[in-house]
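Thank you all for making time this morning. I would like to walk you through one protein model, and I will give the cut-off behind each term as we reach it.

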Amino acid sequence: MTRDRLIHYLIVFDHTKGGLIDLDHFDDRDAATAAYAKAEASYRDITNIEIVLVASDSEETIRRTHANYFDGVSPSSSRFIFELPAR
């Protein structure tokens, strides 16, 4: 994978509903950064919304590497489960 072939994905996730609100992709890094800033401004006062911008070679890859945003499990909830101490 080279930087020239990266696709930028904007993920908007609602922690309250435990689901994806929006997934958008951009071939241009500047357009992706502008969309990220706009989303951050739009959801500034809503604390349960997480906005993530990632770059990858494909949507299939981010669905695998960031599966918590696509499987209906809140990222914070899944992190909590993995941080429980072993008995």
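I will begin with the overall layout and then go through individual elements and residues.

Please keep in mind that this is a predicted model, in which local features need pLDDT of at least 70 and side-chain atom pairs count only at pLDDT 80 or more, while totals for chains, interfaces and linings use all residues. Residues are numbered from 1 along each chain as its sequence is written, and side-chain values use heavy atoms, with hydrogens and water left out.

The protein has 3 helices and 3 strands, where helices (H or I, at least four residues) and strands (E, at least two) are DSSP runs numbered from the N terminus. Read from the N terminus, the elements follow the order β-β-α-β-α-α. Of the 87 residues, 31% are buried, and here buried means under 20% relative accessible area, exposed means over 50%, and partly exposed lies in between, with a 1.4 Å probe and protein chains only. If we take contacts (heavy atoms within 4.5 Å) between residues at least 6 apart in sequence, 57% of them join residues at least 24 apart.

Let me turn to helix α1, which covers residues 29–42, has 14 residues and reaches 20 Å from its first C-alpha to its last, close to the 20 Å expected at 1.5 Å a residue; that expected span is 1.5 Å times one less than the number of residues. Which residues of α1 are buried? They are Ala32, Ala35 and Ala39. Seen down the axis of α1, these buried residues fall within an arc of 65°, so they line one face of the helix, the arc being that of the directions from the helix axis to the C-beta atoms. What covers them includes β1, β2 (19–26) and β3 (49–56), whereas the face turned away from the buried side carries the exposed residues Asp30 and Lys38. At the N-terminal end, α1 is capped by Asp28, with a side-chain oxygen 3.2 Å from the backbone nitrogen of Asp30; a polar contact is a pair of N or O atoms within 3.5 Å, where within protein one must be able to donate a hydrogen and the other to accept it, and residues adjacent in sequence count only if both atoms are side-chain atoms.

Strand β1 holds several residues worth a look. His8 is in this strand and counts as buried at 12% relative accessibility; beyond four places in sequence, His8 touches residues including Asp28, Ala32 and Leu53. Asp14 also lies in β1, which spans residues 7–14, and Asp14 counts as buried at 7% relative accessibility. A polar atom of the Asp14 side chain lies 2.8 Å from the backbone nitrogen of Thr16, and, leaving aside neighbours within four places, Asp14 is in contact with Gly19, Ile21, Asn48 and Ile49.

Finally, side-chain pairs. The whole structure has 1 salt bridge, meaning a side-chain nitrogen of Lys or Arg within 4 Å of a carboxyl oxygen of Asp or Glu. Arg63 and Glu59 form this bridge at 2.8 Å, N to O, and both lie in helix α2 (residues 59–65), 4 residues apart, about one turn of the helix. Arg63 is partly exposed, with a relative accessible area of 39%, and Glu59 is partly exposed at 32%.
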